[in-house]
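Please read the points below with the structure open beside you.

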Amino acid sequence: MINLGQDEMAKYPFLADAGQYLKDKGFTLEQFASDPDLKLIIDKAIHRIETAAEGKIYRSDIVNDHAAKDASLPREVFSFLLAVVLLKLSGTHSLIRRFALAEARRAEKYLEKDLADTSEQEDLATQILRDLFSMNVQKNNDYFVIPASDYLKHSVSFHEREWKLVNRKVENGLVFLTSHETVRLVRKELGNYINTKIQNASVPSMIDSFSESIKRLTSLSKKFATTTISSGEYPPCIKHAIEVLEKGENLPHSGRFLLGTFLLSIGQSVEQIAPLFKNAPDYNEKITLYQLNHLAGISGSGTKYSCPSCEKLQSQNLCFATPQCNGIINPLQFGKKKTLNA
Amino acid sequence: MLEKDLKLLEDSFKKYYFDHFDLIHVPDRPAEREFGFQQFNSGMTRHLAIKNDKELRLLLMNNIPSDVYCSNAYYSFPNLQMTEKDWKEADLIFDIDSKDLHLNCRQDHTCIKCQSCNEVFVKDSKCPNCKSIKFDHRSLTCKNCIQSAKEEVKKLFHILSNDLGVEQQNIQVFFSGNEGFHVYAYNTQFQKLGSRERSELVDYIMFRGVIPETFGYKKSKPDKSSFLDFDESGWRGRLAKHLFGSKSKRSKQITQFLDNSNGYFAFQKKLEDARNEIGIKIDPNVTMDIHRIFRLPGSLNSKSGLTKQICNKIEEFNPFSDACFIDDEPTTVLANCPISFELKNKKYGPYQNERVSIPKHAAIYMICKGLVTSA
């Protein structure tokens, strides 16, 4: 367990044990609902959620590591804890996700600064990175170095090329990063951590006087519900695979794997897909059905195979990207548009 | 394969496993590994558990396998189905195969065997006998192939130890038994990495996916001082040596890029070209696969009859003698091998449908390549 001072608690409120914190400060949740003086903090909590929902980072009262006013530090923590309670009570998942990400980005700023200020001895920032995200950071002159294996575990979910290991300074098994990059590596996990914290927070079933606030959140969340519209058109890699087969040319195993898994994923049945392979030079109905059933998880180990990523297809020379492919990382996303209801 | 060829192969492989068991050992932590084998004219048997050398010997004697395999992965239950094995970690393995090096010599030592009439020929787009266009290719690896593969191994060794911090005593190099080398790295920080992370390591080693910014070339307002230089570590230093040749040319060449309005893209093109020159030519799929079983060191390769043999001094290693352990008992075969080859410092062929008496290791080599029938 990480020990936190008052300042640190305000920077990283998600590390606090919420129930314990309230108790230590001598408050109960009900008080916040009923005491008009504490009502201010509820407003602050709502504001914190609204800011997150708009995709912005909540600006706190902490300036240069110190609270602007003495009273504001506990307020910072309370507003976070109350935001968690309200979100949990409202059960609005789209808001919880946005809130978790925005809070992660807020904490990221402090982590970055704390890391840059790291002296020789271990401090909170390196401790958080190690204990929460199993990333061992050490300071090396102007750089922060982490073992290449730790780097890969975190960077592998990034799609921008600059994060590829080959585009990093690597020496003797270590990757050299700036404090910004080091902290950026854990943004998603920090978001997930906060998200899990919210999901697991124990809150009372309902507190009547919170109902007004919760209504506000529910109506806010409606703005962020998304619907997905699909054009129904196949992506170019799939069109290419089908063309090759139609021409009676040989489609490599990886291409057949792509076609099979893609069509199964969009809901076609093995029987619908099998005839596509009829023109293949080595077509054998029995083998085709066996392999498709295997992909679908109907036979074999029961594992259902998923459609390979665009990155994988590029390395297999099966990608024939068009401008319409921009921004997707898997063929299944092709032609799908998410729209906000707002 | 003909009955008598099969018998000769099985007898020779059995004799090898009997005479040379000292060359074949289970690897470290055998109880956590998956083993497998193939027999001549038969499919793969895998998901086997073998605890020690004695059990391995029993398997070899009872089954006379054409090929023997062992996982680089460690499992709690290696003999269960893949989904139930409980994967723990895996050694890093790299495969360098001379066929992936696209060398010019290759077509000179590749026999083409017609699938319809079994005629064997060289460099032709049609079977000279029956005009069929369906062939198998049989490469008789040459010294140049081995030398080039060795160069890749040395470059890989350098990256593993300097860039990736793998200690030299944890790296082992094996001749694959056919056309290349397998490089193993044990006890590294990468043991527990999954397939996606290993694929990033592969891209690093192959110099794939690089961007100009990494070498100091920013798209807007590029600054000469941030460009790569000779004494830098890792890819920046290696690319500097490759691109500029000598220190005196560096500054001039950078200026040329910066003066060109399309300099960024010209540099990007240079990076892509450099990939083929300085990227290490490993087989990416092998390193990414964390459930694969690999040819067991010390076992025979049925594509050649040569042994997968450890290379302690790669520079001096000569696979055509150091990995050739089948005996030299005179053996008569009907050889159809239009390309000559060398084993144990003796040259064989070319043979044009000739009955010849040659040492058994040469006969086995050609049978494995599909270029003779035993007479």
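1. Start with a pair of helices in chain A. Helix H4 (residues 39-53) of chain A packs against helix H6 (residues 93-116) of chain A, the axes lying 8 Å apart at an angle of about 90°. H4(A) and H6(A) are therefore roughly perpendicular to each other. On the H4(A) side the contact uses Ile49(A), Thr51(A), Ala52(A) and Ala53(A), and on the H6(A) side Leu95(A), Arg98(A), Phe99(A), Ala102(A) and Glu103(A). Six of these residues are nonpolar, one is polar and two are charged. Keep in mind that this is a predicted model.

2. Which residues touch the most other members of the largest nonpolar core? They are Ile49(A), Leu82(A), Leu87(A) and Met366(B), in a core of 150 residues. A separate core of 21 residues includes Leu251(A), Leu258(A), Leu276(A) and Cys310(A).

3. Neighbours within four places in sequence aside, Leu87(A) is in contact with Ile49(A), Thr92(A), Leu95(A), Ile96(A), Phe99(A), Ile198(A) and Leu217(A). Among these, Ile49(A), Leu95(A) and Phe99(A) also take part in the contact of H4(A) with H6(A).

4. Now the chain as a whole. Chain A has 16 helices and eight strands. The radius of gyration of chain A is 26 Å, whereas a compact globule of 342 residues would have one near 20 Å. The C-alpha trace of chain A spans about 80 × 55 × 40 Å along its principal axes. Of the 342 residues, 37% count as buried. Among contacts in chain A with a separation of 6 or more, 72% join residues 24 or more positions apart.

5. Where does Ser34(A) sit? Ser34(A) belongs to helix H3 (residues 29-34) of chain A. Ser34(A) is partly exposed, because 13 other C-beta atoms lie within 10 Å. The C-alpha atoms of Ser34(A) and Ser179(A) are separated by 44 Å, and the two residues are 145 residues apart along the chain.

6. Next, the two chains together. On the chain A side, 21 residues are in contact with 26 residues of chain B. Helix H8 (148-155) and strand E5 (169-171) of chain A are the elements that give two or more residues to that side. H8(A) provides the largest share, four residues. The side of chain A that touches chain B has eight nonpolar, seven polar and six charged residues.

7. Chain B has a helix pair to set beside the one in point 1. The axes of helix H5 (residues 234-244) of chain B and helix H7 (residues 263-278) of chain B come within 11 Å and cross at roughly 100°. H5(B) is therefore roughly perpendicular to H7(B). Arg238(B), Leu239(B), His242(B) and Leu243(B) of H5(B) meet Lys270(B), Ala274(B), Glu277(B) and Ile278(B) of H7(B). The contact has four nonpolar, one polar and three charged residues.

8. Finally, some backbone details to check. Most residues other than glycine have a negative phi, and most peptide bonds are trans. The bond from Gly349(B) to Pro350(B) is cis, with omega near -5°. Pro350(B) lies in the loop between strand E16 (346-348) and strand E17 (351-359) of chain B. Asn41(B) has a positive phi, near 55°, and is found in the loop between strand E1 (35-38) and strand E2 (44-48) of chain B. Asn41(B) is exposed, with 9 other C-beta atoms within 10 Å. His47(B) has a positive phi near 60° and lies in strand E2 of chain B. His47(B) is partly exposed, with 19 other C-beta atoms within 10 Å.

How values were computed
Residues numbered from 1 in each chain as written. Chains lettered and ligands numbered in written order. Predicted model: local features only at pLDDT ≥ 70, side-chain atom pairs only at ≥ 80, totals over all residues. Rg over C-alpha atoms; globule rule 2.2 N^0.38 Å. Buried ≥ 20, exposed ≤ 12 C-beta atoms within 10 Å, placed from the backbone. Contact = placed C-beta atoms within 7 Å. Axes fitted to C-alpha atoms, helices over the stretch in contact; angles between N-to-C directions. Parallel < 35°, antiparallel > 145°, perpendicular 65-115°, else oblique. Nonpolar A, V, L, I, M, F, W, Y, C, P; charged D, E, K, R; others polar. Core = buried A, V, L, I, M, F, W, Y, C linked by C-beta atoms within 7 Å.
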